[in-house]
Amino acid sequence: MSRAERESAARRIMERTPPRVPPDLGADAVRLGDRLLRRRALALRLAWLLLFAVTVAFTVWALTERPWVEPPSETTPPLTGW
């Protein structure tokens, strides 16, 4: 297909009347977009809430267990030099 044929085919396509769009298509798109935004905002809030809960749980665990402290020895050192 030569360039002239492609240009004439493109012109024929552009000169056609556009297809009719349903009158409520815009309202449907707005409603769908609004629903998607609400779902995304809810998912973001839930993610932040989960992160906060995990942080609080870790902090409480760390303060009660104190994993940075060396555990006490379970055996006594040998008594020498008596």
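The notes below are grouped by topic.

The model is predicted, and the points concern a helix of 41 residues, a nonpolar patch on the surface and two arginines, Arg20 and Arg66.

**Helix 2**
- Helix 2 covers residues 25-65, and its end C-alpha atoms lie 59 Å apart.

**Nonpolar surface patch**
- Three leucines, Leu42, Leu46 and Leu49, form a nonpolar patch on the surface, and together they have about 310 Å² of accessible area.
- Of these, Leu46 lies in helix 2.

**Arg20 in the loop**
- Arg20 is placed in the loop between helix 1, which comprises residues 3-15, and helix 2.
- The relative accessibility of Arg20 is 81%, and because exposed means over 50%, Arg20 counts as exposed.
- Computed along the sequence, Arg20 and Leu51 are 31 residues apart, while in space their C-alpha atoms are separated by 49 Å.

**Arg66 after helix 2**
- Arg66 lies in the segment that follows helix 2, and it comes just after the end of that helix.
- The backbone of Arg66 takes a positive phi of about 50°, although this residue is not a glycine.
- With a relative accessibility of 46%, Arg66 falls between the 20% and 50% cut-offs, and therefore counts as partly exposed.

Key: Residues numbered from 1 in each chain as written. Predicted model: local features only at pLDDT ≥ 70, side-chain atom pairs only at ≥ 80, totals over all residues. Heavy atoms only, no water. Patch = residues over 30% accessible without salt bridge, like charges linked within 9 Å, V, L, I, M, F, W, Y side chains within 5 Å. Areas by Shrake-Rupley, 256 points an atom, 1.4 Å probe, with all protein chains shown as cover. Salt bridge = Lys/Arg side-chain N within 4 Å of Asp/Glu carboxyl O. Helix = DSSP H or I, 4+ residues; strand = E, 2+ residues; numbered from the N terminus. Expected span 1.5 Å × (residues − 1). Buried < 20%, exposed > 50% of the residue type's maximum accessible area, 1.4 Å probe, protein only.
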